[in-house]
Amino acid sequence: MPITPATATHSSSNGTADAILLELVDEDGVTIGTAEKLAAHQPPGQLHRAFSVFLFDEQGRLLLQQRALGKYHSPGVWSNTCCGHPYPGESPFAAAARRTYEELGVSPTLLAEAGTVRYNHPDPASGLVEQEFNHLFVGLVQSALRPDPEEVGATAFVSPAELAERHARDPFSAWFMTVLDAVRPAVRELTGPAGW
């Protein structure tokens, strides 16, 4: 497995290496503990807190990202603007803004909470499982992207029709349609008559 920021350990303030921990939750989203990131995704998966960000340009087009080929989970597939996991004790909102900047080099404008969705999606290619209590966010992107190539292989702004064409042609993350369907009401509020 390639070492990426998602699977590497990171140094704590005392200089020791710490595994990346995720917040485990119950079915109501209440924190019940922590687990190491990769262990939480091993079958059958442990229910953990996650977030998904959907950013749009001023024409109401959705910013997609293609996950970098070096990612440990779902490499090379297309997905929503940004997704990830808060650190234990970090608010989903703060995590969403932080990771969007880390991955794409932009700070979202008008980032707003858009509900939650619970799902269980095995990834046939990797054998890993997404058992997630996912916090959804919508917002705008109003500055030039500066993607981190370790995280993002490509980006694209798409209309609803262009998304349908791309989704029929290209591989997407196992969770993409679940989170898109859950966030649609908030997307329509944000984008108006763009067709979402």
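E23 touches T31, G33, L47, H48, R49, Y87, P88 and G89, leaving aside residues up to four places away in sequence, where contact denotes heavy atoms within 4.5 Å. The structure is a predicted model, in which local features need pLDDT of at least 70 and side-chain atom pairs count only at pLDDT 80 or more, whereas totals for chains, interfaces and linings use all residues. Residues are numbered from 1 along each chain as its sequence is written, and side-chain values use heavy atoms, with hydrogens and water left out.

Two polar contacts involve the side chain of E23, a polar contact being a pair of N or O atoms within 3.5 Å; within protein, one atom must be able to donate a hydrogen and the other to accept it, and residues adjacent in sequence count only if both atoms are side-chain atoms. One is made with the side chain of T31, at 3.1 Å. In the other, a polar atom of the E23 side chain lies 2.8 Å from the backbone nitrogen of G89. With a relative accessibility of 9%, E23 counts as buried; the term buried applies under 20% relative accessible area, exposed over 50%, and partly exposed in between (1.4 Å probe, protein chains only). The C-alpha atoms of E23 and A94, which are 71 residues apart along the chain, are separated by 15 Å.

E23 is found in strand β3. Helices (H or I, at least four residues) and strands (E, at least two) are DSSP runs, numbered from the N terminus. Strand β3 covers residues 21-25, and four of its five residues are buried, so the strand is largely enclosed by the rest of the structure. Strand β4 (residues 31-36) runs antiparallel to β3, and five bridges join the two; strands are taken to pair if DSSP finds at least two bridges between them. Within this arrangement, E23 stands opposite T34 in β4, while the bridge partner of L21 in β4 is E36. The hairpin of β3 and β4 has five residues between the strands, and there G29 takes a positive phi near 85°.

The nonpolar interior was examined next. A nonpolar core is defined as a set of buried Ala, Val, Leu, Ile, Met, Phe, Trp, Tyr and Cys residues joined through side-chain atoms within 4.5 Å. The largest such core has 24 residues, and those with the most contacts inside it are F54, L62, L64, L163, F176 and V183. Two or more residues are given to this core by each of β5 (48-56), β6 (62-67), β9 (109-122), β10 (129-140), β11 (152-158) and α4 (176-191). Helix α4 supplies the largest share, six residues. F54 touches L62, N80, T81, F137, V138, G139, F176, V179, L180 and V183, not counting residues up to four places away in sequence. A second, separate core comprises 13 residues, including C82, L111, V141 and V152.

Twelve salt bridges are found in a search of the whole structure, each defined by a side-chain nitrogen of Lys or Arg within 4 Å of a carboxyl oxygen of Asp or Glu. D170 meets R166 in one of these, at 3.7 Å from N to O. D170 also forms a salt bridge with R169, the closest N and O atoms being 3.3 Å apart. R166 is buried, with a relative accessible area of 16%, whereas R169 is exposed, with 54%. In helix α4, D181 and R184 are three residues apart and are therefore separated by about one helical turn. Their side chains meet in a salt bridge (3.2 Å, N to O), and D181 counts as partly exposed at 43% relative accessibility. Salt bridges that share partners join K71, E90, R98, R99, E102, E103 and E151 into one network.

Finally, backbone geometry was considered. Most residues other than glycine have a negative phi, and most peptide bonds are trans. The peptide bond from P43 to P44 is cis, with omega near 5°; P44 is placed in the loop between α1 (37-40) and β5. S74, in the loop between β6 and β7 (78-79), has a positive phi near 55° and is buried, with a relative accessible area of 5%. L110, which lies in strand β9, likewise has a positive phi near 55°, but L110 is exposed, with a relative accessible area of 59%.
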